[in-house]
Amino acid sequence: MILMKTPLRLDAALKRLSAALDQLEVAAERRARDDANRADLSEELAIMQDDRSRLAVELDAALARTKSLESANQGVSDRLEKASATIRAVLGAADGQED
């Protein structure tokens, strides 16, 4: 009777070992997938950080250009206003001479 229990105990132990090895293999595969995903996410983050830096530089340039255009627009507006005032003065003087 002792001889029969030993193989049964051994068989049960082997089954437990096999189940544990299967679980270990599944865990190792999951870990490998997670590591690969983490690497992909790290790469995507680096790309997004590069894009953010590039966009920040482009935004700064666009803001500087906008300020420059606003300044130029104000200068043109001032000159047009002066020119208009001069034309009105000349026309007013011409009207005064005709009378």
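Colleague: Is leucine 10 buried or exposed in this predicted model?

Modeller: Leucine 10 lies in helix H1, residues 2-98, where helices (H or I, at least four residues) are DSSP runs numbered from the N terminus. Buried means under 20% relative accessible area, exposed over 50%, and partly exposed in between, with a 1.4 Å probe and protein chains only. At 52% relative accessibility, leucine 10 therefore counts as exposed.

Colleague: Which residues form a nonpolar patch on the surface with Leu10?

Modeller: Patches are made of residues with over 30% relative accessible area and no salt bridge, with like charges joined within 9 Å and nonpolar side chains (Val, Leu, Ile, Met, Phe, Trp, Tyr) within 5 Å. Together the patch residues have about 500 Å² of accessible area, a quantity that comes from the Shrake-Rupley method with a 1.4 Å probe, only the protein chains shown counting as cover for residues. The residues that form this patch with Leu10 are Leu14, Leu17, Leu21 and Leu24.

Colleague: On what basis are such features reported, and what pLDDT do local features need?

Modeller: Residues are numbered from 1 along each chain as its sequence is written, and side-chain values use heavy atoms, with hydrogens and water left out. Because the model is predicted, side-chain atom pairs count only at pLDDT 80 or more, totals for chains, interfaces and linings use all residues, and local features need pLDDT of at least 70.

Colleague: How many salt bridges does the structure hold?

Modeller: Side chains of opposite charge can pair when their charged atoms come close. A salt bridge is a side-chain nitrogen of Lys or Arg within 4 Å of a carboxyl oxygen of Asp or Glu. The number of salt bridges in the structure is five.

Colleague: Which residues are linked with Asp35 in a network of salt bridges?

Modeller: Aspartate 35 and arginine 31 meet in a salt bridge at 3.2 Å, N to O, and both lie in helix H1, four residues apart. Aspartate 35 also forms a salt bridge with arginine 38, the closest N and O atoms being 2.8 Å apart; being three residues apart in helix H1, these two are separated by about one helical turn. The residues linked with Asp35 in the network are Arg31 and Arg38.
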